[in-house]
Every structure is written in C-alpha cells, then in structure tokens.
Amino acid sequence: MFGIFMESFVILKLYTGLKLLLLLSALAWVYLLVTEKNKSIRILLVYAPIIVVALFLFPVSRKGFVAMGLDGETYYRILWTIPLGIIFVYGICRLFERHRRIGLIVGAALTVLCGSYVYKGTYISKAENLYHIPNTVVKICDLIGAKDDHSRVSAVMPSELIHFVRQYDASINMPYGREMLVNAWDYYNAVYEAMEKPEVVDMEELLKATREEYCQYIILSKERQTKQNPTDCGLTLLDEIDGYLIYEDPVTMEIVNGWRDYYEE
C-alpha cells in the first residue's frame with residue numbers, strides 16, 4: 001500500500017510540477033478557506049480540491065480505479081478535476097474586492113512575475129487563420145480532400161501535420177494518428193514504421209504498407225530522403241506546398257474508384 005501511495009505522490013508532483021501555479025493556488029486556497037462565506041464556492045474551491053487530492057493519494061482509490069478496468073496510466077487525469085487556475089484567479093479577485101489597492105498590486109505582481117509569455121510555449125503559436133491551424137495543412141487538405149459529402153479519402157502525413165488534419169477536414173482518413181507519437185503507448189503500425197522510423201524512406205516498403213491501408217495520397221517533406229524516387233515507383237506528383245510534396249497513388253485510386261462505382265450502381 002505504501003508503494004502505491006508513493007507512486008501516486010510522484011504522479012501528483014509531476015502533474016503540478018511543484019511550480020508557481022501550485023504555490024499561488026495554495027495561497028489563494030488558504031485565503032478562501034479563511035475568508036470565503038459562500039457555501040457553494042467553499043464546497044467547490046475549498047473542500048472539493050482537498051477531497052480529490054486525498055482520494056487520489058489513497059491507495060485503495062487507485063486499486064479500485066484499475067479494478068474497474070480503467071487504464072492505470074491515465075490515473076493522473078483525476079487531477080484534472082482540481083481547478084488550480086480558477087482557485088488562484090478567484091482568490092485574487094476576492095482579495096482585490098476586499099482591498100482594492102493592495103489586491104490590485106499583489107494580484108498584478110504575482111500574475112506578471114510568476115506567469116510566462118504564452119507564445120513561448122512549444123505547442124502554442126499565433127493563429128494563421130480562423131481555423132487556428134497551420135496554413136500549410138489547410139492548403140494540403142483543400143487539394144486532396146473529398147470532392148463531395150458522400151466520399152472520403154485516405155492519406156499518410158508526416159507526424160508534424162497529423163494533429164491538425166482532422167480538425168480541418170474530417171473526410172480525410174489517416175492510417176495512424178497521435179497515438180503513434182507517444183512512446184509510452186508502444187503501438188505498432190506498418191505505415192508508421194515505413195514512413196517515420198527509417199532515416200531514409202524505402203518507398204517500395206512504404207507503398208506496400210500504404211496500399212494495404214488503401215492510402216490514396218502520400219505527403220512527404222521535401223527534405224525527407226528516399227531510397228527510390230517516388231515517381232519512379234509509380235506515384236504522381238500533384239503539387240508542392242510549403243516544402244511538402246503531395247503524391248497521388250494511381251494504383252490505390254483505381255481500386256477506391258472501382259469500389260465507389262460499384263456501390264453507386
């Protein structure tokens with residue numbers, strides 16, 4: 001039991017990072033504990049977070065979580081129910097409400113000094129369009145996307161693009177998604193193995209895998225090295241978009257179009 005407790009404690013530390021947001025939220029929590037009179041808010045922002053943490057660290061809770069058939073690797077998601085940011089912001093607002101000058105100075109100073117510039121984040125960038133995804137993805141999807149509401153297309157994309165494709169065009173199927181990018185999940189996909197694993201792509205191996213998945217399009221970075229020229233392997237180069245080469249596979253296209261004609265008849 002102690003071992004399970006320590007594992008949960010380590011998860012808690014990794015989740016919070018033991019950084020400034022946790023400290024600020026803790027200070028705000030103490031302030032609300034002492035000053036907040038609204039019972040509903042006390043339950044939500046004062047009592048509930050402590051109960052969640054206590055249950056999270058309680059070994060029996062984790063055993064029950066796994067016993068219900070849930071993945072132990074996702075146990076940390078219970079901590080998502082703790083609104084750390086809301087606790088801090090609400091606490092600062094209450095401080096500002098009670099002590100206008102001190103609250104304003106303290107709240108502003110803590111926010112500026114302890115915060116960080118959001119656009120410095122690895123996965124955050126300024127929006128290039130209304131869809132909040134890279135313009136490159138929009139251009140590629142517009143080129144290869146389904147031409148009517150009753151059909152779909154299948155394409156294999158470089159790993160840096162796959163997060164965005166389905167956000168823009170759900171008619172585009174991909175043989176793998178972000179699950180292949182998380183090493184801890186240890187999934188296997190033949191297309192991914194041929195597309196991403198080797199330093200130099202063996203186009204014959206990649207085509208063998210993509211044709212088994214009926215991928216009509218293959219998108220490769222212009223910088224990606226290949227053992228064989230894709231066009232020599234039977235692919236048709238449709239266009240180059242922002243450093244990405246968009247290839248169509250006539251073999252798969254013929255098969256897919258044959259299926260479509262059959263079902264339309």
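Predicted model: local features only at pLDDT ≥ 70, side-chain atom pairs only at ≥ 80, totals over all residues.

**Stop 1**

Now show the whole of both helices, H1 (residues 2–16) and H4 (residues 59–67). Their axes are 8 Å apart, and the packing angle is about 85 degrees. Angles of 65 to 115 degrees count as roughly perpendicular, so H1 is roughly perpendicular to H4.

**Stop 2: a glutamate in a loop**

Next, pick Glu36, in the loop that links helix H2 (20–35) to helix H3 (39–57). Is Glu36 buried or exposed? Its relative accessibility is 3%, so Glu36 counts as buried. Leave out residues up to four places away in sequence, and you'll find Glu36 touching Tyr31, Ile41, Arg42, Tyr90 and Arg94.

**Stop 3: the sheet**

Switch to cartoon view and look for the strands. There is an open sheet of five strands, in the order S2-S1-S3-S5-S4, and its pairing is mixed. Which strands are at the edges? They are S2 (172–173) and S4 (236–241), each of which pairs on one side only.

Here is some background for this stop. Strands of a sheet pair through backbone hydrogen bonds, either parallel or antiparallel.

Take the pairs one at a time:

- S1 with S3: this pair is parallel, with two bridges. Select Val156 and you can find its bridge partner, Ile218, in S3.
- S3 with S5: these strands run antiparallel and are joined by five bridges. Click on Tyr217, and opposite it in S5 stands Glu248.
- S5 with S4: this is an antiparallel pair, again with five bridges. Glu240 has Leu245 in S5 as its bridge partner.

While you have S3 selected, check how covered it is: four of its five residues are buried.

**Stop 4: the helix on the sheet**

Which residues of H7 are buried? Select Thr136, Val137, Val138, Ile140, Cys141 and Ile144 to see them. The elements covering these residues include H8 as well as S1, S2, S3, S4 and S5.

An α-helix has 3.6 residues a turn, so residues three or four places apart point the same way.

**Stop 5: the largest core**

Stay in this region and colour the nonpolar residues. In soluble globular proteins, nonpolar side chains tend to be buried together. The largest nonpolar core here has 38 residues, and the members touching the most others are Ile140, Ile144, Met157, Tyr176, Leu206 and Ile219. Two or more residues each come from helix H7 (135–144), strand S1 (153–156), helix H8 (162–168), helix H9 (190–195), helix H10 (203–212), strand S3 (217–221) and strand S5 (244–248). H7 gives the largest share, five residues.

Zoom in on Tyr176. Leaving aside neighbours within four places in sequence, Tyr176 is in contact with Val156, Met157, Ile162, Asn189, Val191, Tyr192, Met195 and Glu196. Apart from this core lies another one, of ten residues, including Ile11, Val52, Leu57 and Phe65.

**Stop 6: the cysteines**

How many disulfides does the structure hold? The count is zero. Select Cys141, which is in no disulfide: the nearest cysteine sulfur belongs to Cys215, 14 Å away. A disulfide needs the two sulfur atoms within 2.5 Å. Cys141 is buried, with a relative accessible area of 1%. Cys215 is in no disulfide either, and at 0% relative accessibility it counts as buried.

**Last stop: out on a loop**

Finish at Glu199, in the loop between H9 and H10. Is Glu199 buried or exposed? With a relative accessibility of 74%, Glu199 counts as exposed. Beyond its neighbours within four places in sequence, Glu199 is in contact with Arg224 and Gln225.

Methods:
Residues numbered from 1 in each chain as written. Heavy atoms only, no water. Core = buried A, V, L, I, M, F, W, Y, C linked by side-chain atoms within 4.5 Å. Buried < 20%, exposed > 50% of the residue type's maximum accessible area, 1.4 Å probe, protein only. Contact = heavy atoms within 4.5 Å. Pairing = 2+ DSSP bridges. Axes fitted to C-alpha atoms, helices over the stretch in contact; angles between N-to-C directions. Parallel < 35°, antiparallel > 145°, perpendicular 65-115°, else oblique.
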